[in-house]
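Have the sequence and the 3D view open as you read.

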Amino acid sequence: MSEMANMSSGRAQQAGQTAKQEASATADQAREGASEVVGTAAEQVRAVTGEARAQADAMAGDLRSRVAEEAESQARRGAQVIREWADELSGLAKGADKDSPAKSLVVQVADRGHRAADYLEERGVGGLAGDVQDFARRRPGAFLGGAVLAGFAVGRLAKAGSKADGSGGSSTASQPPGRQSLPEDAAPPELPGYGEA
C-alpha cells in the first residue's frame with residue numbers, strides 16, 4: 001500500500017511538473033504573442049504618423065506655393081497700377097508749361113513711378129522682401145522710423161476714408177455749429193462796407 005501511495009504521489013508530482021511546464025510554455029507563447037502585437041501596433045502607428053506627416057508637408061508646400069503665386073500676382077497688378085499712374089503723370093507733365101516748377105516735380109514723380117513698376121516686375125515680392133530685410137539689418141533706426149511713419153500715414157488715410165464714407169449725403173452735418181450752408185445757386189450775402197467804391 002505504501003508503494004501504491006508512493007506511485008500515486010510520484011504521478012501527481014509528475015503531472016504537476018508537466019502542468020507547470022505547459023503553463024510556463026503557454027506564458028512564454030503569450031508573451032511572444034503580446035510582443036508581436038505590440039511590435040505590429042508600433043509599426044502601424046509609425047506608418048500612420050509618417051503618412052500624416054507626409055500629407056501635412058505636402059499641404060504646407062502647396063499652401064506656400066499658392067501664397068507665393070498670389071503674392072507675385074498682386075505684385076504684377078501693383079506694378080501695372082503704378083505704371084498707369086506714372087503714365088498719367090507723364091501725360092500731365094507734357095501738357096504743362098515748360099518753365100513750370102510743378103512740371104519738373106511731376107516728371108520726377110512719374111520717372112520714379114516707372115522705376116518702381118520696373119523693379120516690382122523684375123524682382124517681385126521675394127526681391128522686395130529681401131531688400132527690406134537687408135535695409136532693416138543695415139539701418140535698423142531708419143527702418144523703424146519709416147515703419148512708424150508708414151503706420152501713421154496708413155492710419156490717417158484710413159481715418160480720412162472712413163470720415164469721407166460716413167459724411168455721405170449731408171453737408172450740413174460736417175459744418176461747425178452756428179454756420180449754415182448756402183444753396184449752390186445762391187449768391188453770397190453782401191457785407192457792409194464791401195462793394196462800395
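## Burial and overall make-up

Of the 197 residues in the chain, buried ones make up 6%; buried means under 20% relative accessible area, exposed means over 50%, and partly exposed is in between (1.4 Å probe, protein chains only). This is a predicted model, where local features need pLDDT of at least 70 and side-chain atom pairs count only at pLDDT 80 or more, while totals for chains, interfaces and linings use all residues. Residues are numbered from 1 along each chain as its sequence is written, and side-chain values use heavy atoms, with hydrogens and water left out.

The chain exposes about 16,400 Å², and carbon and sulfur atoms supply 58% of that area (Shrake-Rupley method with a 1.4 Å probe; for residues, only the protein chains shown count as cover). You'll find three helices and zero strands here, so the order from the N terminus reads α-α-α (helices are DSSP runs of H or I with at least four residues, strands are runs of E with at least two, numbered from the N terminus). Take the contacts with a separation of 6 or more: 49% of them join residues 24 or more positions apart, where contact means heavy atoms within 4.5 Å.

What does helix α2 span between its end C-alpha atoms? Just 35 Å for residues 101-138, whereas a straight helix of 38 residues would span 56 Å at 1.5 Å a residue (the expected span is 1.5 Å times one less than the number of residues).

An α-helix has 3.6 residues a turn, so residues three or four places apart point the same way.

Q80 sits in helix α1, which covers residues 2-95. Between Q80 and A117 there are 37 residues in sequence, yet their C-alpha atoms are 6.8 Å apart in space. Q80 counts as partly exposed because its relative accessibility is 46%.

R83 and D118 form a salt bridge, with their closest N and O atoms 2.8 Å apart (a side-chain nitrogen of Lys or Arg within 4 Å of a carboxyl oxygen of Asp or Glu). This pair links distant parts of the chain, with R83 in helix α1 and D118 in helix α2, 35 residues apart. Both partners are partly exposed: D118 at 32% relative accessibility and R83 at 22%.

## More charged pairs

How many salt bridges does the structure hold? Six. One of them joins D131 and R123 at 3.4 Å, N to O. D131 is partly exposed at 30% relative accessibility, and so is R123 at 42%.

D134 and R138 pair up too, at 3.3 Å, N to O. They both lie in helix α2, four residues apart, about one turn of the helix. D134 is partly exposed at 33%, whereas R138 is exposed at 55%. Elsewhere, salt bridges that share partners join R83, D118 and E121 into one network.

## A nonpolar patch

L128, V132, F143 and L144 form a nonpolar patch on the surface, with about 330 Å² of accessible area together. Patches take residues with over 30% relative accessible area and no salt bridge; like charges are joined within 9 Å, nonpolar side chains (Val, Leu, Ile, Met, Phe, Trp, Tyr) within 5 Å. The elements giving two or more residues to the nonpolar patch are α2 and α3 (140-167). L144, in helix α3, counts as exposed because its relative accessibility is 56%.
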